[in-house]
Amino acid sequence: MAALATLRSASSLFGGYRFIYKNLVAAHSHVWDSVRPNLHLQQRWYAVSHLSVQERIDKKREAARLGGGQARIDAQHKRGKLTARERVELLLDPDTFVEYDMFVEHRCSDFGMDAAQNKYPGDSVVTGQGRINGRLVYVFSQDFTVYGGSLSGAHAQKICKIMDQAVLVGAPVIGLNDSGGARIQEGVESLAGYADIFLRNVLVSGVVPQISLIMGPCAGGAVYSPALTDFTFMVKDTSYLFITGPDVVKSVTNEDVTQEELGGAKTHTAVSGVAHRAFENDVEALLNLREFFNFLPLSNKDPAPVMECHDPSDRLVPGLDTVVPFESTKAYDMLDIIHGIVDERDFFEIMPNYAKNIVVGFARMNGRTVGIVGNQPKVASGCLDINSSVKGARFVRFCDAFNIPIITFVDVPGFLPGTAQEYGGIIRHGAKLLFAFAEATVPKITIITRKAYGGAYDVMSSKHLRGDVNYAWPSAEVAVMGAKGAVQIIFRGKENQAEAEAEYVETFANPFPAAVRGFVDDIIQPSSTRMRICRDLEVLVNKRQTNPWKKHANIPL
Amino acid sequence: MAAPRVTSGLQRVLLMLKNVHFKSGYHIVASRKQYSTVYDPNEKTFEKILIANRGEIACRIIKTCKKMGIKTVAVHSDVDSSAVHVKMADEAVCVGPAPTSKSYLNMDAIMEAIRKTRAEAVHPGYGFLSENKEFAKRLAAEGVTFIGPDTHAIQAMGDKIESKLIAKNAKVNTIPGFDGVVKDTDQAISIAREIGYPVMIKASAGGGGKGMRIAWNDEETREGFRFSSQEAASSFGDDRLLIEKFIDNPRHIEIQVLADKHGNALWLNERECSIQRRNQKVIEEAPSTFLDPNTRKQMGEQAVSLAKAVKYSSAGTVEFLVDSQRNFYFLEMNTRLQVEHPITECITGLDLVQEMIRIAKGYKLHLKQADIPIKGWAIESRVYAEDPYKSFGLPSIGRLSQYIEPLNLTNVRVDSGIKEGSDISIYYDPMISKLVTYGSTRADALQQMVEALDNYVIRGVTHNISLLREILVHPRFVKGDISTKFLPEVYPDGFKGHQLSDNGRRELLATAACLYVALQLRSRRFLGNQRVSTSHKEQNRWELSLNLDKDTHVVTVFSTGSLFTVELDGKRLNVTSEWNLASALLPVTIDGTQRTMQCLSRDASGNVSLQYLGTVFKIQVLNRKAADLNKHMPEKVPEDSGSILRSPMPGSVVAVSVKPGDMVSEGQEICVIEAMKMQNSMTAARTAKVKTVHCKAGDTVAEGDILIELGMD
């Protein structure tokens with residue numbers, strides 16, 4: 001099995017090469033000539049060696065800062081992209097970047113690669129640590145101006161170094177990806193480099209937050225590093241993620257597809273669910289990443305951050321009393337509820353364009369980061385399907401791994417029926433969300449705003465899955481199913497269906513059946529929800545809960 | 001409860017009471033409002049009143065009923081079941097689904113509600129059934145009191161043709177025009193030619209500007225006739241039209257009258273309602289700057305004589321057009337409580353709803369003409385859910401995500417029927433509230449209104465506060481130099497929001513820059529042990545680049561605590577504020593000048609929307625480094641707006657007059673959208689072939705939905 005898996009992934013890696021190789025050749029023919037004379041000059045300087053060590057240090061640093069040279073920097077800018085160093089500077093607080101391995105060079109000697117003019121101090125990645133709003137973060141930023149940002153052994157080694165250190169001190173890792181793929185000249189050395197990074201991505205997972213921001217191409221095997229991190233963000237129009245490029249797709253499956261359609265930001269944020277969010281351009285992406293970073297704890301040993309907050313924790317939200325329509329078939333926007341409740345209406349939504357029938361994202365309550373999960377009645381009635389279950393499950397697991405309390409708003413009519421869902425494995429995928437909520441030991445607060453039907457009721461952070469505080473709004477209906485379906489079963493053959501339905505509604509379409517059994521702790525006025533959640537979070541701040549010892553759980557993947 | 005009960009705002013009310021007929025033993029109910037003064041609890045009126053209306057006017061009526069100890073019944077459509085008026089009333093009855101014809105105009109259901117709740121009387125508010133004689137008749141037949149004039153007065157004044165004749169006979173000045181119903185387009189044109197252009201075509205049963213068009217030539221008469229009869233049919237179920245001379249550049253001034261069932265009638269001074277768009281009022285004031293005491297008296301007396309001529313009882317309004325020579329012509333009489341009645345209440349100290357209820361019960365007026373004061377000045381702004389940038393206001397819909405009325409200010413009255421979380425839907429009038437301010441002088445009232453608009457928080461729908469505020473500070477308005485043409489004259493190219501002065505721009509930019517710095521400083525303030533670096537000292541000098549209207553401004557901010565010093569354009573400004581980043585209001589002091597701004601949105605990309613002097617400005621604030629790098633960012637190509645026709649407002653498609661492949665010329669009508677009972681003609685932006693049609697008659701469209709795509713020429 002393992003062998004098969006390796007084989008398969010190797011073949012897809014290979015597919016990646018072809019794209020990369022072409023790309024690299026294209027890049028060379030553009031700028032090679034203009035750069036070469038300059039490099040000749042440098043070579044001569046090193047050769048005569050009249051220079052002092054200090055002068056050589058300075059020269060090397062200068063060369064490292066220039067990456068692939070001014071011509072390639074200009075080309076990068078022309079594509080609407082920033083250079084690796086510009087990105088790091090913008091991402092981090094001013095003057096806080098501490099760079100590592102500026103003198104590291106690639107070690108390849110084949111194809112004339114060992115010639116001095118083919119070596120760039122620092123190689124094709126910039127690594128180091130710095131601060132975002134005063135908090136420590138490790139960063140690597142791939143430099144497309146050096147060999148198209150391709151991954152050499154040295155490149156991988158630099159990344160691994162900062163990842164190892166990030167784990168030692170407990171600080172997140174941010175990767176800014178802009179790479180054509182493997183360094184073909186290095187062959188297996190490059191493949192080994194990828195694997196070294198993959199291994200660390202896996203070992204670091206759940207220890208410190210890992211964030212990938214795709215700012216250029218990321219293809220072939222390289223895509224698995226972002227895929228293993230906690231969050232993948234993209235830049236619109238300039239970034240791509242795919243296993244094999246359009247040319248290979250054409251030759252294998254005969255599909256005509258553009259890069260953008262195959263692996264652009266729109267595809268991955270709306271169709272595949274590979275990326276969590278996309279931003280307009282490099283500058284906006286990096287500024288948004290700074291904001292996003294403020295929601296995260298530095299490691300799994302740190303509590304969820306608490307920020308200074310001007311929004312009163314006891315603020316009533318009168319608009320919530322009327323947000324749920326009287327007709328239980330009518331939709332409303334769950335975001336209205338979320339925006340009303342969280343601090344300063346500030347909600348950082350994750351995957352806003354994918355599986356929109358569930359809403360997930362980060363916000364703050366009285367300054368403290370919380371993860372929010374909510375069914376979205378506006379889309380597909382807020383039902384749970386394969387995509388929304390997976391989206392929700394992954395988010396819940398991230399929150400649980402990093403001590404972020406989870407607040408769940410429930411308005412779910414059930415799981416989506418149909419062959420598409422059954423054949424797609426809704427049973428297996430729906431189980432992921434159930435699994436995630438059940439195993440989570442962070443504070444869990446649940447508010448049933450309207451429907452909580454069937455198995456979906458159980459799944460959505462119910463009392464039975466160790467919900468700490470479970471509230472129902474007066475509009476809540478907790479039942480096995482809606483009135484129509486239930487009546488057909490309970491009162492089969494009864495003549496007056498309408499009367500039977502009314503009886504059912506009277507009995508079940510209200511919060512009492514759950515409340516009398518203690519399955520919800522209280523029925524609350526919607527406008528008081530914010531106040532209560534803030535108070536409960538304060539109580540739950542010292543919650544300690546451990547699951548039975550195990551090597552690891554076996555989530556139904 | 002026999003002793004006078006005194007609550008907040010007392011002093012002001014006592015002042016106002018000086019001229020009001022006052023007997024000991026009366027209660028003083030002094031809320032913050034400028035009405036609700038005196039009533040006699042021993043004067044029995046009704047046990048229970050049903051209010052056949054919704055929104056702010058229903059709430060307004062319920063308030064007075066509560067004061068008078070009368071129980072109230074609200075009626076509502078299903079979508080209004082959690083509306084404010086329903087919550088305020090003692091009882092509520094659902095009378096049908098959302099469309100007004102099936103609920104608020106559904107007489108059968110309302111009659112049923114009256115029977116069920118045993119209401120003794122009905123207050124109809126304005127609009128809906130307020131001037132429906134049929135309704136009044138049916139009430140009378142069941143022995144229920146209609147709080148309004150008698151059926152014959154409604155009938156006589158409701159018909160524009162009849163009312164004009166009666167007015168003529170009562171020696172009221174009238175406008176030259178055709179006294180009769182116009183049959184068809186051809187007759188309309190011949191009549192129009194006879195009277196002489198310009199002419200006004202209006203619905204015989206109309207009011208409120210609906211079914212009303214002005215025509216300057218035959219072509220416009222033809223078109224106006226068509227539109228007016230359609231609108232009249234859909235609004236009033238009566239497509240009869242009439243035509244009269246259109247008085248160019250007039251003022252619209254109306255006289256409030258109050259008459260009892262014993263032949264007594266009073267005039268309660270005038271309201272100046274000249275600021276209008278599409279014949280609908282926007283800002284009203286009382287008194288008018290234009291009337292001298294003599295004209296006022298003449299108008300008042302003519303209004304009273306008309307009221308007496310039709311044996312009018314209850315509150316009513318006689319509308320006049322006044323030309324620049326202070327000649328006034330009778331326009332129409334509204335046999336109901338007017339939208340803008342609060343300003344009359346402010347300057348007279350009367351509660352008109354209370355008076356209407358008393359009169360309906362048969363009590364005599366307890367005031368004499370000499371008792372009617374003009375105390376101070378009152379202004380009313382109609383705050384609408386509208387986009388004022390589109391023909392001075394096209395309806396917008398949405399949910400009021402945040403809503404705070406400026407009631408913390410003195411001398412402010414807000415009549416509204418919505419609250420935070422309410423929906424402004426396509427089914428009803430898009431009015432959010434009537435914002436009324438009061439002052440001892442006009443200048444005071446104006447100043448207070450400006451302040452109130454700045455402090456009014458409305459989020460979730462587009463609103464017209466920018467337009468209201470710009471009108472209020474416009475030199476012509478301040479001078480009182482206005483007419484019904486004010487808006488098109490002052491903004492010939494349409495309203496474009498506040499135009500920044502150099503100083504204003506500096507204030508705005510400085511505030512945006514400081515807000516950015518305050519946010520940046522706050523984003524480092526982690527509480528508890530968050531392993532924040534201590535080796536770095538807090539930044540206190542910020543070099544920023546601000547983009548406003550495609551211009552870039554370089555700004556430096558120096559921060560010491562909450563005081564920021566801003567350098568821009570070679571000038572230094574001191575900006576202080578609490579920088580409460582959660583508050584909807586952003587009060588700042590810039591070099592000693594206090595401004596209340598509002599931050600509508602801000603994001604991590606540095607974009608902020610600030611409401612400054614009523615208008616929302618979008619500014620992008622970047623630090624120097626980000627701004628430098630931003631120049632490398634690719635321009636995103638905006639959509640070609642000439643080829644795509646989008647719905648400017650939510651509504652329903654009445655007609656589509658083209659199909660794919662048709663050639664259309666610039667300005668040609670492509671389709672008609674109806675929203676809030678107004679029909680709007682959508683025209684082609686250029687000459688081209690129609691590529692695709694995305695809508696069909698009967699569709700409901702949202703704002704921004706694509707209606708039609710045009711191909712290349």
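Helix H4 (84-91), helix H11 (282-293) and strand E10 (306-307) of chain A are the elements that give two or more residues to the side of chain A that touches chain B. H11(A) gives the largest share of that side, 7 residues. Helices (H or I, at least four residues) and strands (E, at least two) are DSSP runs, numbered from the N terminus.

By residue class, the side of chain A that touches chain B holds 18 nonpolar, 13 polar and 20 charged residues. In this scheme Ala, Val, Leu, Ile, Met, Phe, Trp, Tyr, Cys and Pro count as nonpolar, Asp, Glu, Lys and Arg as charged, and the others, Gly among them, as polar. The two chains are also linked by 7 salt bridges, a salt bridge being a side-chain nitrogen of Lys or Arg within 4 Å of a carboxyl oxygen of Asp or Glu. In one salt bridge, the side chain of B:Arg531 meets that of A:Asp302 at 2.7 Å, N to O.

## Extent of the interface

Contact, meaning heavy atoms within 4.5 Å, involves 51 residues of chain A and 41 residues of chain B. The size of an interface is often given as the accessible area lost when the parts come together. Here the area buried between chain A and chain B is about 4000 Å², and carbon and sulfur atoms give 53% of it. A:Glu308, A:His310 and A:Thr322 supply 15% of the area that chain A buries against chain B, more than any other three residues. Buried area is the accessible area (1.4 Å probe) that two parts lose on being put together, summed over both.

Strand pairing also crosses between the chains: E10(A) is joined by 2 bridges to strand E25 (residues 526-527) of chain B, and the two run antiparallel. Within this pairing, A:Met307 stands opposite B:Phe526. Two strands pair if DSSP finds at least two bridges between them.

Strand E3 (residues 135-142) of chain A is mostly covered, with 8 of its 8 residues buried. Buried means under 20% relative accessible area, exposed over 50%, and partly exposed in between (1.4 Å probe, protein chains only). In a regular strand the side chains alternate between the two faces of the sheet. One side of E3(A) carries A:Arg135, A:Val137, A:Val139 and A:Ser141, and the other carries A:Leu136, A:Tyr138, A:Phe140 and A:Gln142; all are buried.

Strand E2 (residues 125-132) of chain A pairs with E3(A) in the antiparallel sense over 8 bridges, with A:Gly130 opposite A:Val137. E2(A) and E3(A) form a hairpin with 2 residues between them, and A:Asn133 in the turn has a positive phi of about 50°. E3(A) is also joined by 4 bridges to strand E4 (residues 173-177) of chain A, this time running parallel. In that pairing, A:Tyr138 has A:Val173 as its bridge partner.

Chain B contains an open sheet of 4 strands in the order E34-E41-E39-E36, with antiparallel pairing. Strand E34 (644-646) and strand E36 (663-664) of chain B stand at the edges, each with a single partner strand, so one side of each has no neighbour in the sheet. Strand E39 (residues 688-693) and strand E41 (residues 706-710) of chain B run antiparallel and are joined by 3 bridges; B:Val690 of this pair stands opposite B:Leu710.

Helix H14 (residues 465-473) of chain B is mostly covered, as 8 of its 9 residues are buried. Among them are B:Ile465, B:Leu468, B:Arg469 and B:Glu470.

## Backbone details in loops

A cis peptide bond joins B:Ala286 and B:Pro287, with omega about -5°. B:Pro287 is in the loop between strand E13 (280-286) and helix H10 (293-309) of chain B.

A:Asp237 is not a glycine, yet its phi is positive, near 70°. A:Asp237 sits in the loop between strand E7 (231-235) and strand E8 (240-242) of chain A and is partly exposed at 44% relative accessibility. B:Phe392 likewise has a positive phi, about 60°, without being a glycine. The loop between strand E17 (386-387) and strand E18 (394-395) of chain B holds B:Phe392, which is buried with a relative accessible area of 13%.

## Conventions

Residues are numbered from 1 along each chain as its sequence is written, and chains are lettered from A and ligands numbered from 1 in the order in which they are written. In this predicted model, local features need pLDDT of at least 70, side-chain atom pairs count only at pLDDT 80 or more, and totals for chains, interfaces and linings use all residues; side-chain values use heavy atoms, with hydrogens and water left out.
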